[in-house]
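Thanks for making time this morning. I would like to walk you through some of the strand pairing and helix packing in one model, so please keep the display in view while I talk.

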Amino acid sequence: MSSNVIPLSSIRAKAQMAEAAPKPAGGCSASSCGSSKGAGDMPAHIWEKIKDHPCYSEEAHHYFARMHVAVAPACNIQCNYCNRKYDCANESRPGVTSERLTPEQAALKVAAVAARVPQLSVLGIAGPGDSMFDWKKTFETFRAVEKRLPDLKFCVSTNGLSLPDQVERLAQHNIDHVTITINMVDPEVGTGIYPWIYFNGRRYTGLDASKILHERQMEGLEGLTAKGILVKVNSVMIPGVNDQHLIAVNEAIKARGAFLHNVMPLISAPEHGTWFGLNGQRGPKPMELKELQDKLAGGANLMRHCRQCRADAVGMLGEDLSQDFTMDKIDADAAYDPEARRLYREVVERERADHRQAAEAAEAELSAAAPAPAQLVAVCTKGGGRINQHFGHATEFQIYEVDRDGVRFVGHRKVENYCKGGYGDDDALEDSVIPALEGIAAVFVSKIGSCPKRDLAKAGIAAIDAYPFEYIETAVAGWFAEAFGAERRDLA
Amino acid sequence: MAMQIDASTCTACGACEFECPTASISMKGDIYIIKASSCTECDGDPAKCVAVCPVDDCITQV
């Protein structure tokens, strides 16, 4: 199994250590306010629904795992960024899967994963295809899983076209969250994204297609929020097609009650065989995505930690164990121990409280630092909110922004890792890692070799290895205060 | 007269099975097939299986 799953034993040891250590002074109780990584200004009823969901809660994604099952392959719209013929185990992006499952097979697979991954908290149905168009298979799967794992949360994602017809059924199934992909609120913009839709027994193209899709998406969104079901909106950022338009999308969905907006970069390469890929439509650069996300930060709550998982992803965000859990490797009699899951949750609760206190202490340290411009930093982490990954092993960096107001998560950037089974890959460093770190002042690692450290320094990026296994906030605030806040006062 | 699925380009998504008004489409082994004896080509309307199919020219008239 991938090393990215945090071993239960290590997290428990840390939680015990944290209990023995003196508590840093915190301004207020961790459950109500303080850290931007916790409940923040979110209403309590929403926080309660999302706090253990790795895709919705920035904090939970350090501790909990999700899995997707591909049971609903039929779709009723064609998007220019999608090619459903594609199937490759090395591809990690939405809509891609290697294995289609019947609802009963899916339930077996979920039980097998839950037996081995106590972090599992969410089961999603997210294509390929549309979960609400192929609704019979979606709901059959939920019924089969409910019997085996009553504590698992469900979520579905949909293009919205069939959604208004399924709102009642979703409400009966006690599904907390639904994701709708909304790329436009102006059908003119939609004509550049959707060549056709299939609705009420016939195919619509051009402006008609986008008009119907838009109306159905808004109807579905309003119907769900009226039922108290949380709605996240995904938008694919397509430079030159809908990038600036997403500001209007953000306003429209916020007005209709969406609780989270997730702007994702277009994934597009000729070898994917999508219309965009074949026609040279590029995806946005990391800094373009961040600029747009910054513009939207005042609208609906913005999600920045999305990893654009493949449709049969298994594991913590940013990792994928799907190849460990293909149907031929599933043991139908796998022992399922609810006790291990309960224990893990208990440990996580303690670890999270400790993490929040560390984040508050970091904020206090920063507010006492001298004024300095905000800095972007990159972090190597395997989860748990800590700097616990070797530079050479990182296939993605988590990006944080730090200034006197605090340490804020702003996104992640995927790279080709530098260390290849014992030797350093200079091409990966030069062609992938360094370009991905554009605009980054420092990269925090548990360990790094002297050669890549020197090459990073040449590119103007400091490699910081002085905070191994510390919380991200503690390390980043400590570094910032030391490097930029010369006049900081000692804390009481 | 009936519609036919080109198995080499079919993605087996099943959307056509779902939409066929005469239930003429079903899975046989790993592939979808259209039962010629009951397919009506939607009686002069545009065929629903063609309209919903994501692959161009996968379903055609024979």
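Strand β6 of chain A, residues 196-199, pairs with β7(A) in the antiparallel sense over four bridges, where strands (E, at least two residues) and helices (H or I, at least four) are DSSP runs numbered from the N terminus, and two strands count as paired if DSSP finds at least two bridges between them. Within this pairing, A:Phe199 has A:Arg202 of β7(A) as its bridge partner. This is a predicted model, in which local features need pLDDT of at least 70 and side-chain atom pairs count only at pLDDT 80 or more, while totals for chains, interfaces and linings use all residues. Residues are numbered from 1 along each chain as its sequence is written, and chains are lettered from A and ligands numbered from 1 in the order in which they are written.

The open sheet has three strands in the order β2-β6-β7 of chain A, with antiparallel pairing. Because β2 (77-78) and β7 (202-205) of chain A stand at the edges with a single partner strand each, one side of each has no neighbour in the sheet.

Elsewhere in chain A, β13 (residues 396-403) and β14 (residues 406-414) pair in the antiparallel sense over eight bridges. A hairpin through two residues joins β13(A) to β14(A), and A:Asp403 stands opposite A:Gly406 in β14(A).

Let me finish with a helix pair. Helices α3 (residues 103-116) and α4 (residues 135-148) of chain A pack at an angle of about 40°, with their axes 8 Å apart; axes here are lines fitted to C-alpha atoms, for helices over the stretch in contact, and angles run from 0 to 180 degrees between N-to-C directions.
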